[in-house]
Amino acid sequence: MSNVKALPLLQPAVEPCCPPLTERPLTAEEAERTAVMFKALGDPVRLRLFSAVASHEGGEACVCDISDVGVSQPTVSHHLKKLKEAGLLSSERRGTWVYYRVEPGVLAAMGQLLSPSTSA
């Protein structure tokens, strides 16, 4: 038997919350979960912060690198907290800085939700 372990990036993607919107109507529970995500991304500052983290080299960004979005630092922290509460970001404190990353599978799940259904 091999003792080789899969790299974290090769682990299965997180299951999406919902099927593509074109596949079938969402259940009440699926709609609630999806609304939380869209509500978190419905603010332009949060959308910019999410985009900054998602597009940052290495897949994670220090808050010091993404806080230039035209609002005060406490407001940036508030918006990052909302993104974390919605399950879109995770964070890790390293010394005095906090590093953010998009939760595994989030971008794929959003893409699947908004893509046309492959079954027709």
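This is a predicted model: local features need pLDDT of at least 70, side-chain atom pairs count only at pLDDT 80 or more; totals for chains, interfaces and linings use all residues.

Modeller: Start with S90, which lies in strand β2, residues 89-94. Strands here are DSSP runs of E of at least two residues, helices are runs of H or I of at least four, and both are numbered from the N terminus. Residues themselves are numbered from 1 along each chain as its sequence is written.

Is S90 buried or exposed? S90 counts as buried because its relative accessibility is 15%. Buried means under 20% relative accessible area, exposed means over 50%, and partly exposed is in between, with a 1.4 Å probe and protein chains only. Which residues does S90 touch, beyond its neighbours within four places in sequence? They are Y99, Y100, R101 and E103. Contact means heavy atoms within 4.5 Å. V102 is twelve residues from S90 in sequence, and their C-alpha atoms are 6.4 Å apart.

L89 is also in strand β2. At 3% relative accessibility, L89 counts as buried. Residues up to four places away aside, L89 touches F50, V53, L80, L83 and K84, and also Y100, R101, V102 and E103. V53 is 36 residues from L89 along the chain, with 8.6 Å between the C-alpha atoms.

R94 belongs to this part too. R94 lies over the face of Y99, 4.3 Å from the ring centre. A charge sits over a ring if NZ of Lys or CZ of Arg is within 6 Å of the ring centre and within 35 degrees of the ring normal.

Now the helices. The axes of α2 (residues 44-55) and α4 (residues 73-85) come within 10 Å and cross at roughly 75°. Axes are lines fitted to C-alpha atoms, for helices over the stretch in contact, and angles run from 0 to 180 degrees between N-to-C directions. Therefore α2 and α4 are roughly perpendicular to each other. V45, R46, L49 and F50 of α2 make the contact with V76, H78, H79, L80, K82 and L83 of α4. Angles of 65 to 115 degrees count as roughly perpendicular, under 35 as roughly parallel, over 145 as roughly antiparallel and the rest as oblique.

On the α1 side, T34, M37, F38 and L41 meet M110, L113 and L114 of α5. E23 is in the segment before α1. At 43% relative accessibility, E23 counts as partly exposed. E23 and S115 are 92 residues apart in sequence, yet 9.5 Å apart in space, C-alpha to C-alpha.

Next, the cysteines. The structure holds zero disulfides, a disulfide being a pair of cysteine sulfur atoms within 2.5 Å. C62 counts as buried, at 2% relative accessibility. C64 counts as partly exposed, at 36%.

Last, the whole chain. The protein has five helices and three strands, in the order α-α-β-α-α-β-β-α along the sequence. Of its 120 residues, 29% count as buried. Among contacts with a separation of 6 or more, 56% join residues 24 or more positions apart.

Note on methods:
Side-chain values use heavy atoms; hydrogens and water are left out.
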